[in-house]
Amino acid sequence: MPVFCNSCGTESREGDSFCAKCGSSLVAMSRVMSESIARRTNGFAIAALVLGLVGMSPLAIIFGVLSLKQIGQDPNLDGRGMAIAGLVLGILGTIGLFLWGSVIGLAVCSMPLGV
Ligand SMILES: [Zn+2]
C-alpha cells in the first residue's frame, strides 16, 4: 500500500517515517487510518456478503443476522449495507435451493419407472 504525505500529497515508499519532499511525519497518519478502517467495518458483514456471493446461503443468513445485531449494539461499526446484502443473497439462495430441490423431486417422482 503506497503512503501519501498528509501535508503535500507526495507518494512515499512504505516504511518511510517522513515525507521526502516536505519532511512531515507519515507513520502516525497511515496507522490511524488503517486502524479506523479495520475497526469500523464489521467482520461478520464482510463474511455474510462473501458467503452470499459464493452461494453458502444458510451461512450468509447466520452471519448477516449476527452482523446486524453487532452493528445495532455499536453505532461506530460499519458494514450495515454489506450485512443486509449478504442476508438478502442468503435468503434468495435458500429459496432457490428449495425450488431447485422440489423441481428435482418432482422430476424423479414423475419419472416413468419400470416401463
Ligand atoms: Zn510532504
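Visitor: What should helix α2 span at 1.5 Å a residue, and how far apart are its end C-alpha atoms?
Guide: The 12 residues of α2 (residues 43–54) should span 16 Å, and the end C-alpha atoms are 17 Å apart, which agrees. The expected span is 1.5 Å times one less than the number of residues. Helices here are DSSP runs of H or I with at least four residues, numbered from the N terminus.

Visitor: Is this a predicted model or an experimental one?
Guide: This is a predicted model, where local features need pLDDT of at least 70, side-chain atom pairs count only at pLDDT 80 or more, and totals for chains, interfaces and linings use all residues. Residues are numbered from 1 along each chain as its sequence is written.

Visitor: Which residues of α2 are buried?
Guide: F44, A45, A47, A48, L49, L51 and G52. Buried means that 20 or more other C-beta atoms, placed from the backbone, lie within 10 Å of the residue's own; 12 or fewer is exposed, and in between is partly exposed.

Visitor: And what covers them?
Guide: The cover includes α3 (57–73) and α4 (80–109).

Visitor: Which residues have the most contacts inside the largest nonpolar core?
Guide: That core has 15 residues, and those with the most contacts inside it are F44, A45, A48, A60, F63 and A83. Two or more residues come from each of α2, α3 and α4, with α2 giving the most, 6 residues. A nonpolar core is a set of buried Ala, Val, Leu, Ile, Met, Phe, Trp, Tyr and Cys residues joined through C-beta atoms within 7 Å.

Visitor: What does F63 touch, leaving aside neighbours within four places in sequence?
Guide: F63 is in contact (C-beta atoms, placed from the backbone, within 7 Å) with F44, A47, A48, L51 and G86.

Visitor: Switching topic: is N76 buried or exposed?
Guide: N76 is exposed, because 9 other C-beta atoms lie within 10 Å. N76 sits in the loop between α3 and α4, with its C-alpha atom 9.7 Å from that of N42, 34 residues away along the chain.

Visitor: Which element has the lowest mean pLDDT?
Guide: Helix α1 (residues 27–40), at 62, while α3 has the highest, 95. pLDDT is the predictor's confidence in each residue, from 0 to 100. Where it is low, the predicted coordinates should not be read in detail.

How values were computed:
Two residues are in contact if their C-beta atoms, placed from the backbone, lie within 7 Å.
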